[in-house]
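Visitor: I would like to go through this structure with you. May we begin with the terms?

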Amino acid sequence: MLLALAAVVVGLALLVWSADRFVDGASATASHAGMPPLLIGMLIIGFGTSAPEMVVSALAAGQGNPGLALGNAYGSNITNIALIIGLVAVISPIKVHSQVIRKELPILLGITLLAGYQLLDGQLSRNDAWVLIGVFFVLMGWSIVQGLRGKDDALSGEYAEEVAAHAMPLPKALFWLVLGLVLLIVSSRVLVWGAVFIAESLGVSDLIIGLTIVAIGTSLPELASALAAIRRNEHDLALGNVIGSGLFNTLAVVGIAAGIAPLAVDPVVLQRDWVIMFVLTAVLLFMGIGRFGKQGEVTRFNGILLLATYVGYTGWLVSTMLR
């Protein structure tokens, strides 16, 4: 058990560090290739912070742990909105200026509805995986168009500052890109082994471990990115990265995992976890797009409510472990 706990701690630490190096290397490489900052942000930074979820879920699915794969993806979405956005909003209310974010929020809600529909039959088949991956590639195409057209969007300037802050020579960028990816895979394998061993030893489902420990750990890159953005007063960047990660988790992470091995889905995933994920996404949409002519904003009070929701949800999960 001690070895498994050490594997989880070391695996998570290495996972977060390698994900950060991977994203920095990838964004710097794209910058050298002449990619516009908004496009780098939407495709690489926004989605790249979900690389830990993708690798962990893919390995978990391949090793026959569907609960861990799905719990990691959905749990990360819940953590990103309730914990990360909630915490950031308490520190500094998040004002939404970007039109790109206002367009992405309804898309995220629609994709969440698609995910719920696919869970109705109690499994995620390879056909479901193809649908998710197909929608993901359509979304990638839309993101490219938005990235090329939205040069004057508020998010573009914030991503330009982010890319400039992590500028590096091309050889160094390629080095961190490759090393970051290799370490992502190694640390994910260590983490999955430790998480599965702990779940089996405690007699709890790998779904619960995926929704709690693993989801929080793989969401740390988004937390670090959001806190750094708020320190620089880049509100749209903080929210944009979380939305991009949510899109990636729901489509690519779950799609790849189900494509590797069809996932049997416990009914509680739809009745509890998906419902929480959907409600949080709908609330974020309501806060982000603004209403009655007012600018979209996640206020401190909203942040407190989001954090309270996360604490309540996590308490719910822990209570199931103690039964």
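Predicted model: local features only at pLDDT ≥ 70, side-chain atom pairs only at ≥ 80, totals over all residues.

Visitor: Is Glu297 buried, exposed or partly exposed?

Guide: Glu297 counts as partly exposed, at 24% relative accessibility. Lys95 is also partly exposed, with a relative accessible area of 34%. The side chains of these two residues, Lys95 and Glu297, meet in a salt bridge, with 3.3 Å from N to O.

Visitor: Which parts does that pair tie together?

Guide: Lys95 lies in strand β1 (residues 94-95) and Glu297 in strand β4 (residues 297-298), so the pair links parts that are 202 residues apart in sequence.

Visitor: How many salt bridges does the count come to?

Guide: The count comes to three. One of them joins Asp24 and Arg21, whose closest N and O atoms are 3.5 Å apart. Both lie in helix α1 (residues 2-32), and because they are three residues apart there, about one helical turn separates them. Asp24 is buried at 11%, and Arg21 is buried at 18%.

Visitor: And what about Arg272 and Asp273?

Guide: Their side chains meet in a salt bridge at 2.8 Å, N to O. Arg272 is buried, at 6% relative accessibility, and Asp273 is buried, at 0%.

Visitor: Changing topic: which residues have the most contacts inside the largest nonpolar core?

Guide: Those are Tyr74 and Leu119, in a core of 93 residues. Helix α11 (residues 235-260) supplies the largest share of this core, 13 residues.

Visitor: What does Tyr74 touch?

Guide: Leaving aside residues up to four places away in sequence, Tyr74 touches Ala115, Leu119, Val254, Val269 and Met277.

Technical notes:
Residues numbered from 1 in each chain as written. Heavy atoms only, no water. Core = buried A, V, L, I, M, F, W, Y, C linked by side-chain atoms within 4.5 Å. Buried < 20%, exposed > 50% of the residue type's maximum accessible area, 1.4 Å probe, protein only. Helix = DSSP H or I, 4+ residues; strand = E, 2+ residues; numbered from the N terminus. Contact = heavy atoms within 4.5 Å. Salt bridge = Lys/Arg side-chain N within 4 Å of Asp/Glu carboxyl O.
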